[in-house]
Amino acid sequence: MLNRCAPAASAALLFCALVSVARGSDVNIAVAGPMSGSSAAFGAQMRDGAAAAVEALNASGLLLDTKVILTVADDACDPKQAVAVANKLTTERVRLVVGHFCSSASIPASEIYAEAGIIQVSPGSSNPKLTERGLDTVFRICGRDDQQGIVAAEYIHRTFPNDKIAVLDDKSTAGKGIADVVEAQLRRFGEQVIRQSYVAGEKDYRALVSRMKKERVRVAYIGGYHTEIGLFVRQASEARAELRVMANDPLMTSEFWAITGSAGNGTLFTFMPDPARNANAAGVVAALEASNLSAEGYTLYAYAAVQAWAEAVNRTGSFNAVRVASALRSRPTDTVIGPIRFDRKGDNAAPGFLVYRWREGRVETVEQN
């Protein structure tokens, strides 16, 4: 809605602008991700975080009389379904999409959102291509795989000298993308790397484990998702393979431990700093727990996506995507995960990656970078 207030002092102008957008009553936003399928745990995290943020936003009155309505959309981490979801959300005139999760879903959907003038903020799509195409309304709060992969490769090179290394991937956009980064960095360090791929959705990795044993591999880096990696870890343990596994950020879910049990002890992975452990997130974490919800993984990153968008709307007095995108880039925004500062590409300059380890059903920080 256009601001039709007459010229006045700057404070009055801001108030009029806010009223002009606020009196549009209901405003639709969406969270889109894998609400079904093998990655549904991450869709649930995003859904819970976005829903909690919307509830808090509506209670705060930040957007004056506006009521924000949240739609939950399932893409099952499938690119074609993600495109269908994106097309449907454009017809519903959503102002923000928190999503998607899988890079293979976010990247094609982002073209549709950009053309329709919809802000997209992904909590979990880490493939660099998402923000490398000059789409002004596309953002991500998580880090990038060209950051994450280097952290993993440096840790492997430093911690496991002289051990034989394999780099595996599930052929997905995210899994292969980060495995390529890890392999390239390890080769720069002078490491000899065995490279192998598998098909996402497989359940029997005994042949792959057998090859790792035969080749005397001691460290396997896997780019993929928690279900397949969990099965690989469990089957490697059953085969008594002396193998240390390291993987990417989708291991930040309790479902990984549910698959592996004690076989998962010592499994390494990279993830952004866990905001659930920070004092500034204590109130939100407590509220989630009171509702029998978890703050693990991407929950608070989805929460922060809503916060950042709402603050940008508040500052601009507009739901216009171009204005909101400019505001998101203009200065840092305080959120539940800490200050978010988006660069010109739409990447969060803040997060970085840490190395974590599974130990007796809990995640512990191994090393900060």
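This is a predicted model: local features need pLDDT of at least 70, side-chain atom pairs count only at pLDDT 80 or more; totals for chains, interfaces and linings use all residues.
How much area is buried between domain 1 and domain 2, and what share of it do carbon and sulfur atoms give? Let's walk there.

Residues are numbered from 1 along each chain as its sequence is written, and side-chain values use heavy atoms, with hydrogens and water left out.

First, colour by domain: select 25-142 + 274-338 for domain 1 and 144-270 for domain 2 (bounds from an automatic or database domain assignment). Their C-alpha centres sit 29 Å apart. Next, select the contact (heavy atoms within 4.5 Å): domain 1 supplies 21 residues and domain 2 supplies 16.

Now for the opening question: about 1,400 Å² is buried, with carbon and sulfur atoms giving 50%. Buried area here is the accessible area (1.4 Å probe) that two parts lose on being put together, summed over both. Show S38, F42 and S126 in domain 1; they lose the most area to domain 2, together 29% of what that side buries.

Then zoom in on R144 and E132, a salt bridge whose closest N and O atoms are 2.8 Å apart. The rule (side-chain nitrogen of Lys or Arg within 4 Å of a carboxyl oxygen of Asp or Glu) finds one such bridge across the interface of domain 1 and domain 2.

Last stop: highlight α2 (40-60) and α4 (103-116), the elements giving two or more residues to the domain 1 side that touches domain 2 (helices are DSSP runs of H or I, at least four residues, numbered from the N terminus).
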